[in-house]
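Here is my note on the model, as numbered points. Please read it with the structure open beside you.

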Amino acid sequence: MTISLQGVSVSRGIAIGPVHIIQHDQIDVREYNIERTQLEDEISRFNDAIANARQQLRAIRDHIPSSTSVDISAFIDTHLLMLEDIALTEEPKRIIKEQLCNAEWALKLQRDALVSVFDEMADAYLSTRRDDVDHVVNRILRLLLKQKPLLHEVPEDHLKNKIIIAGDLTPADTVLMQHYGIAAFATEFGGPTSHTAILARSLGIPAIVGLHNARRFIKNSDQAIIDGSTGTVLINPDKKTQLFYEKKQKEVKRYYSSLKKLKNAPTESIDGITVELMANIELPKDFDTVRNVGAKGVGLYRTEFLYMNRESPPEEEEHFETYIAVIKALRGLPLTIRTLDLGADKQVDGAGKQTGSVKSNPALGLRAVRLCLREPELFRPQLRAMLRASAHGPVRIMVPMLTNTQEMQQVLQMIDDLKAGLDADSIAYDPDIQIGGMIEVPAAAICADIFAKKLDFLSIGTNDLIQYTMAIDRVNDEVNYLYDPLHPAVLRLIQTTIKAGEKAKIPVAMCGEMAGEIEYTQLLLGLGLREFSVHPASLLEVKKIINDTNISKLSKLMKKVLNASSGNEIKALLQQTQLK
Ligand code: PEP
Ligand code: MG
């Protein structure tokens, strides 16, 4: 009998093959007390585990094939940096000494303390970094327990063309598995913004997360089909289903290879409307990918990575050097740098205590521009570095999460003051540098016309705009079903923003995930969107849809869409309409 399981799609593509189940995440930790005389041995056991963990990760990094398209070693480096952090290397030893407990127990206590900090972070991206803590802690635990490391001991040919089913996967596993030639993976846990999911998309491995209880239903040697675009896993499919998916798989492959020829083609609809197609990036080394897909520039450079895994924020010079490296790599393509969008990190915790209430719901608390304005010493060096970088290439500054015009005025004033300071010091910058704002808060979308009068461009951040419009936490599994980009309220806010931009004659882009989902491309064109900023892996697909669309013929559909009363109704309308 065919079993069908549904998870969350994170990376498109179809894979068919035998299953290989990974059970590594069940680590049983025994908790016991030790004698004072055993302290020294326990501490050296812990030190050895840390040293071995570092060795393992370095070995993995050395195995990363040079042909790999994204800077995967950066993900491994993140874990290596965590293994240098006193929070993991020293704190557990303090706990062992103070509580006379075994090393595994101390590590687990410290892990729980760290994870509780991450759990309070409002930012989806950063809150998923708790996965990284778990991955590193589990690696150390396995070493303490003398368990085998994960996949690295599995013979390579064992995994070739297999569909991996696991509780969770580390970025390191994902890298190695791609190296070993796996066909696809599905995990029980993890979210679409986890490191592993980002990697899967970049590496082009079909992948599904959130496939709850998968390992209760699937056994080793079962045959499976993974459809990464729908998030469906079929176990032991019948002949007819298998043939259907084999055909679909061939079509998908042909489709992807046909996209490559679009790299240098203009992005232009059938009726001659030009659309700007930009890329979203996070790591400075993502830039090759930007060029590989022929993006017209970077529409969103998330700078949060610069602040991660360190005790103190980067200084102006470090910002500047990083931005210069990006500008050089982009060779004249425009670069939109987003100012810091951190959530509830330590400084926010402190501020949260002062103001009392923000900690209980960090998504609604002190994050992004709110945090930057509260902590100008964090904000100014970044802004100044951006201004200085603008003398070396086309740079735009983009401010996340604007809510009211006071915030916007304060940022603009701060930039003016910094410009005056640069003038006084005879330091070059682009005097006409464009300053834009992200429309992510419903209040800002409704009043987009007010923002459009003062800013040079707007960019719609649908990841947050949907979260705030639907009043759901975008990282909370339990209310995920309400995360609906097609809800009429969301579409009205998008339309209002686009119209405000048109009226003020300033460009409006979209840089949230919605812009890279091809099922929404025509809808967004119909709403008037003319600038998309998407993950490089989706860019050519989006380009194809745009180039195959006659925008002038969308008006009838748009009328129906805008009169529809639910997301489901709109979804059905979009599915019925195959526009050419
Ligand atoms: C968004 O909210 O849509 C966005 C692009 O920003 P982030 O996902 O980084 O919050
Ligand atoms: Mg956002």
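Which residues of H24 are buried? Point 2 gives the list, after a word on how the model should be read.

1. Basis. This is a predicted model, in which local features need pLDDT of at least 70 and side-chain atom pairs count only at pLDDT 80 or more, while totals for chains, interfaces and linings use all residues. Residues are numbered from 1 along each chain as its sequence is written, chains are lettered from A and ligands numbered from 1 in the order in which they are written, and side-chain values use heavy atoms, with hydrogens and water left out. The predictor's confidence in each residue is its pLDDT, on a scale from 0 to 100. The protein has a mean pLDDT of 87, and 88% of its residues reach 70 or more.

2. Helix H24. The buried residues are Pro-536, Ser-538, Leu-539, Leu-540, Glu-541, Val-542, Lys-543, Ile-546 and Asn-547. Buried means under 20% relative accessible area, exposed means over 50%, and partly exposed lies in between (1.4 Å probe, protein chains only). With nine of its 12 residues buried, H24 is mostly covered. Helices (H or I, at least four residues) and strands (E, at least two) are DSSP runs, numbered from the N terminus.

3. Surroundings of H24. What do its buried residues pack against? They pack against helix H12 (239-259), strand E9 (276-281), helix H13 (287-292), helix H23 (521-526) and strand E16 (531-534). A contact here means heavy atoms within 4.5 Å.

4. Strand E9. Five of the six residues of E9 are buried, which leaves the strand mostly covered. Two strands pair if DSSP finds at least two bridges between them. E9 pairs with E16 in the parallel sense over four bridges, and Met-278 stands opposite Ser-533 in E16. E9 also runs parallel to strand E10 (residues 298-301), joined by three bridges; here Ile-281 stands opposite Tyr-301.

5. Asn-280. This residue is found in strand E9. Is Asn-280 buried or exposed? Asn-280 is buried, with a relative accessible area of 7%. A polar atom of its side chain lies 3.0 Å from the backbone oxygen of Cys-511. Leaving aside neighbours within four places in sequence, Asn-280 is in contact with Leu-300, Cys-511, Ser-533, Val-534, His-535 and Pro-536.

6. Strand E3. Eight of the nine residues of E3 (residues 14-22) are buried, so the strand is largely enclosed by the rest of the structure. It pairs with strand E7 (residues 223-227) in the antiparallel sense over five bridges, with Ala-15 opposite Ile-226. E3 and strand E4 (residues 163-166) pair in the parallel sense over four bridges, with Ile-22 opposite Ala-166.

7. Nonpolar cores. A nonpolar core is a set of buried Ala, Val, Leu, Ile, Met, Phe, Trp, Tyr and Cys residues joined through side-chain atoms within 4.5 Å. The largest has 100 residues, and those with the most contacts inside it are Leu-458, Ile-494, Leu-523, Leu-524, Phe-532 and Val-561. Apart from it lies another core, of 54 residues, among them Ile-34, Leu-80, Ile-182 and Val-209.

8. Two backbone angles to check. Most residues other than glycine have a negative phi. Asn-213 has a positive phi, near 60 degrees; it lies in the loop between strand E6 (207-209) and helix H11 (214-217) and is partly exposed, at 38% relative accessible area. Ala-368 has a positive phi of about 50 degrees. Ala-368 is found in helix H16 (residues 368-374) and counts as buried, at 0% relative accessibility.

9. A stretch to treat with care. Over residues 344-359 pLDDT stays under 50, and the model has 24 contacts beyond four places in sequence for them. Where pLDDT is low, the predicted coordinates should not be read in detail.

10. Overall. The protein has 26 helices and 16 strands. Of its 580 residues, 57% count as buried.

Technical notes: A polar contact is a pair of N or O atoms within 3.5 Å; within protein, one must be able to donate a hydrogen and the other to accept it, and residues adjacent in sequence count only if both atoms are side-chain atoms.
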